Amino acid sequence: MDFLIKSGQNLKGVITVPGDKSISHRSIILSSLAAGTSKITGLLEGEDCLATIEVFRNMGIKIVKERGIYSVEGKGLRGLEDPEKPLDFGNSGTSIRLCSGILSAQSFESTLIGDSSLSSRPMQRIVEPLTAMGANITSKNGTLPIEISPTDSLKSINYSLPIASAQVKSCIMLSALYAEGVTTIEENVVTRDHTENMFKHFGIPLKMEDLEGKKRINLTSIDSINPTDIKICGDFSSASFFILAALICPKSELLIKNVGINKTRIGLLHALRHMGANIQLLNQTENIEPTADILVKSSNLKGIILNTNLVANMIDEMPVFFIAAALSEGITIVKDAKELRAKESDRLQAMAEALSSFGLKYDLEEDGIKIYGLGSTGILNSTNISSYGDHRIAMASAIASLRSDDKVRVLDCLNVNTSYPNFVDTCKEIGIDIKQS
Ligand code: S3P
């Protein structure tokens with residue numbers, strides 16, 4: 001399925017975006033491990049989260065949807081059942097890495113598989129710490145399938161994260177719930193803290209220390225988790241496509257309601273404001289996570305040297321940032337972003353190719369890119385863009401097309417369903433001319 005998008009302006013509207021993907025995964029996982037029923041409102045029904053639901057259903061957890069609310073009948077920390085077949089995580093790196101931490105502690109064997117993109121992504125980053133904890137876990141040359149067999153006991157570790165990864169951190173946090181002793185995790189770069197917030201919400205004890213910009217988490221094993229109800233806010237990553245749309249299209253103004261603004265997620269907001277973006281946060285409130293309505297108006301952007309401290313907190317929004325840079329006055333420089341090469345596609349390479357097709361000049365490095373912006377009146381080529389089957393490349397390219405000289409075809413966009421199944425509907429709501437063919 002391709003997207004066909006015409007150039008556009010005058011985007012107006014009040015929209016909502018689907019539930020946060022990271023929080024949705026964590027809600028299903030922790031509710032399944034709780035002793036009793038939790039109710040989840042606002043769950044993202046993208047393919048990634050549906051894969052997580054299916055994984056837990058295959059381990060005996062009853063998950064039903066009634067009037068838009070998901071009920072998860074958790075069976076306790078040791079209540080999961082042998083799935084007796086490989087667990088398929090589809091496209092979801094978050095789900096497979098978090099669940100590996102739990103599956104390492106179970107009394108049954110498991111085989112973890114995924115689609116072709118997930119099958120090529122690095123898994124050694126979780127195999128290594130879980131092995132140090134005593135897990136019987138192997139991967140095929142550091143990739144899928146992962147095979148896990150029962151261990152007598154898991155033991156705690158002191159682990160300093162070698163890469164900035166919330167997935168690795170969360171994997172260890174979940175296995176620590178089953179490990180003897182105190183597990184200590186140190187982050188040199190603070191990554192998204194949804195697992196920490198969700199642990200607090202479920203009443204799971206954890207101690208956190210702030211060490212001059214670094215962070216230490218201490219955790220011990222627990223006997224049980226009490227069920228709770230969860231309200232999930234809109235996903236800032238999904239909102240970012242529409243923030244970009246309003247900024248780059250003349251005469252536009254959008255209000256995006258009830259979006260999560262956790263400070264470990266909104267690096268893009270800081271970067272865009274530094275570029276001159278007119279973005280306001282209204283009605284800020286707190287419900288498990290901080291949320292706000294985001295008001296965005298068309299803006300003339302200028303290129304920046306991106307503060308490398310922001311990279312981890314805008315890692316999923318980099319494709320959006322690259323398009324903003326392409327339509328800014330002057331040069332933008334990104335460094336320390338090598339993790340982009342380990343996402344659903346090699347996002348540095350994929351975005352460089354998209355920029356090239358749009359007619360941009362850039363210098364691509366191993367860990368970053370220098371983009372020569374076209375300025376606020378710059379026009380992109382009408383062209384075909386390959387999404388590399390990556391949802392975020394597809395959506396960022398689709399929005400960029402609004403500044404083309406006519407129309408653009410973005411190829412292979414089915415993957416948008418992993419995180420934003422109604423992306424096209426939201427586009428149409430605000431006046432974007434987009435078709436699927
Ligand atoms: C996520 C963490 C990030 C992010 C992913 C979601 C999470 O991955 O890219 O989309 O929910 O923990 P890494 O931890 O690999 O950086």
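Q: Hi! Is Phe423 buried or exposed?
A: Phe423 is buried, at 0% relative accessibility. Buried means under 20% relative accessible area, exposed means over 50%, and partly exposed is in between (1.4 Å probe, protein chains only).

Q: What kind of model is this?
A: This is a predicted model, where local features need pLDDT of at least 70, side-chain atom pairs count only at pLDDT 80 or more, and totals for chains, interfaces and linings use all residues. Residues are numbered from 1 along each chain as its sequence is written, and side-chain values use heavy atoms, with hydrogens and water left out.

Q: Why is the pair of Phe241 and Phe423 edge-to-face?
A: Their ring planes stand at 80°, with the centres 6.3 Å apart, so the pair counts as edge-to-face.

Q: And where in the chain do Phe241 and Phe423 sit?
A: Phe241 is in helix H8 (residues 236-248) and Phe423 is in helix H13 (residues 423-429), so to speak distant parts of the chain, 182 residues apart. Helices (H or I, at least four residues) are DSSP runs, numbered from the N terminus. Phe241 is buried too, with a relative accessible area of 1%.

Q: Which residues form the aromatic cluster?
A: Phe3, Phe241, Phe242, Tyr420 and Phe423 form one cluster.

Q: New topic: how is the protein chain divided into domains?
A: Domain 1 covers 3-19 + 233-436, and domain 2 covers 21-231. Those bounds come from an automatic or database domain assignment.

Q: How much area do domain 1 and domain 2 bury between them?
A: About 2200 Å², with 47% of it on carbon and sulfur atoms. Buried area is the accessible area (1.4 Å probe) that two parts lose on being put together, summed over both.

Q: Which residues in domain 1 lose the most area to domain 2?
A: Ile288, Glu344 and Thr418, together 26% of what that side buries.

Q: How many salt bridges are there between domain 1 and domain 2?
A: Three. A salt bridge is a side-chain nitrogen of Lys or Arg within 4 Å of a carboxyl oxygen of Asp or Glu. Arg192 and Asp316 meet in a salt bridge, at 3.1 Å from N to O.

Technical notes: Phe/Tyr/Trp six-rings, centres within 6.5 Å; stacked < 30°, edge-to-face > 60°. Helix = DSSP H or I, 4+ residues; strand = E, 2+ residues; numbered from the N terminus.
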